[in-house]
Structure formats: C-alpha cells, structure tokens
Amino acid sequence: MNKDPGIMCFRHCSTKSVFCKQIPTTCPACSSQMQNFITDPFRIPYPLVNAAHSPTSIVIRPSCGSFLDDYDATHDLHVGIVDSNGSVVEFDKTGLIVNDVARWIDCVAFKVVPIAWTIRWDETLCLMSRDVKWKSINYDEIHMNCFNFVLEFFNNLRYADLRFTNKEDLCERLILSKIQTAIRYSSLYRVLKNQEYLISDYIALPTNNIV
C-alpha cells in the first residue's frame, strides 16, 4: 500500500493555485469565504507506485530513503526492471536480486515498450539473470552498477526507441525526465508537512479525480 498523502489543489480568486491537504473554508489568497472556484478542488495524482503492480516496466527509487521524505538531487538513484509477472530484478553490491518487493513499494515506474514486446522483454531479462557477470564480485559503484545492468538490458532487448550510447545518455534522456513529477510532488509534500497550504504561480491541471 502506498503512502499517498492526498494533496489537493484549487484556484479560487486569482491565477494562483492553492495546494493543501484539506480544503479551507476561507481562501488563503483573498481571505474571503469560498463559494465558487475558478478551478474546482481536485486531488494531485500520486506519482509513486508499487513496482509489483507495474509489470513490464522500468522502476526507479532513491538508493537510500524514499522520494517522498528524503530524496534530493544530490542523492543516488537505484533502477530495476519489472517482468510481466510483477517481479523486480535489480543489480547491486550483493549481486542480482529478484523480487525484494519491500524496497519497491513507492517508486517511479514507466513502460517503455508496447504490449507486443512483453515476451521479448521477459526472455531478455531471463537470459541476463543467468549471466555470471552480474555476480556480486563484479559489482563496482562507478563502472558496474544498476545502470549498467539496465543499459545492457536495453542493448539486448534491441527495441528501436531504447538505444543509448552509455549510462550518462540513458540517465539524461530517459531516467531524469521520468522522475521530475515525483520530485515536484515530494517538494509540495514537504512544504505541506509544516504549513496548511501553499500559494503558487504553478497551475496544476485537474484530472477526472475531482472531489
């Protein structure tokens, strides 16, 4: 079960958005009673998921701590691969790890191939899991880590849109773009831990999850 804190957003009297956990009776921006809204209150989609519920995907989490409570741009990221059954395969200093589900309850997950590639995805991951090169003795924090594992997986998968020259290319073009929503959400969450609301120029877009 994830830790969705239920952050809400609305616009009452101006172009500024108000973010909060509970809708106040008085507008924080104009101090008047709230009757009509420019944008009705809606819940900000929670960007973190349980990896087991995201088959055939790439998953990312901080190496230590969580996105929600701990992560900032100076922290290392850890990446894994989910097969079609929801099992996570990852590589770290202990070697290849399969389905350590407790560490992947709140992560960023994204699909990069269509359903037609599911069998190829599983076959590629299965073959790599048998390769002795992914034993703990070969792990190196810089030159042989989880990103090397994912990079080689993509190279072996040979899907046209997943061609990267090196780990830096992989991170810049794929990984970093996928975690921006989680970083913005975490920043909001941390602000709202210490105050009732945040007034911002940022205009969030409502979804069909309206309260």
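This passage describes the fold of one chain, from its overall make-up to single residues. The model is predicted: local features need pLDDT of at least 70, side-chain atom pairs count only at pLDDT 80 or more, and totals for chains, interfaces and linings use all residues. Residues are numbered from 1 along each chain as its sequence is written, and side-chain values use heavy atoms, with hydrogens and water left out.

The chain holds three helices and nine strands. Helices (H or I, at least four residues) and strands (E, at least two) are DSSP runs, numbered from the N terminus. The order of the elements from the N terminus is β-β-β-β-β-β-β-β-α-α-α-β. Along the principal axes, the C-alpha atoms fill a box of roughly 65 × 35 × 30 Å. The accessible surface comes to about 11600 Å², by the Shrake-Rupley method with a 1.4 Å probe; for residues, only the protein chains shown count as cover. Carbon and sulfur atoms hold 51% of that surface. Of the 211 residues, 43% count as buried. Buried means under 20% relative accessible area, exposed over 50%, and partly exposed in between (1.4 Å probe, protein chains only). A contact means heavy atoms within 4.5 Å. Among contacts with a separation of 6 or more, 66% come from residues 24 or more positions apart.

Positions follow the numbering used here, feature names are shortened, and annotations may be inferred rather than shown by experiment. The annotation "domain: MKRN2 opposite strand protein-like N-terminal" covers residues 5-34. This span is 0% helix and 27% strand, and its end C-alpha atoms lie 23 Å apart. The annotation "domain: MKRN2 opposite strand protein-like C-terminal" covers residues 41-191. Here the chain is 32% helix and 18% strand, with the end C-alpha atoms 19 Å apart.

Strand 1 (residues 8-11) is covered on both faces. Met-8 and Phe-10 are buried on one side, Cys-9 and Arg-11 on the other. Strand 1 has two antiparallel partners. Strands pair if DSSP finds at least two bridges between them. Three bridges join strand 1 to strand 2 (residues 17-20). The two form a hairpin with five residues between them, and Met-8 stands opposite Cys-20. Three bridges also join strand 1 to strand 3 (residues 39-43). There, Cys-9 has Phe-42 as its bridge partner.

Helix 1 (residues 118-129) has twelve residues. Its first and last C-alpha atoms are 17 Å apart, close to the 16 Å expected at 1.5 Å a residue; the expected span is 1.5 Å times one less than the number of residues. Trp-121, Thr-124, Leu-125 and Met-128 are buried in helix 1. They cover an arc of only 95° around the axis, so they lie on the same side of the helix. The arc is that of the directions from the helix axis to the C-beta atoms. On the other side, Ile-119 and Leu-127 are exposed. The cover over the buried residues includes strand 4 (57-62), strand 5 (77-82), strand 6 (88-92), strand 7 (95-98) and helix 2 (146-157).

Val-108 lies in strand 8 (residues 108-110). With a relative accessible area of 5%, Val-108 is buried. Leaving aside neighbours within four places in sequence, its contacts include Pro-47, Leu-48, Ile-58, Val-59, Ile-60 and Phe-67. Lys-178, Ile-179 and Ala-182 also touch Val-108. Phe-19 is 89 residues from Val-108 in sequence and 22 Å away in space, C-alpha to C-alpha.
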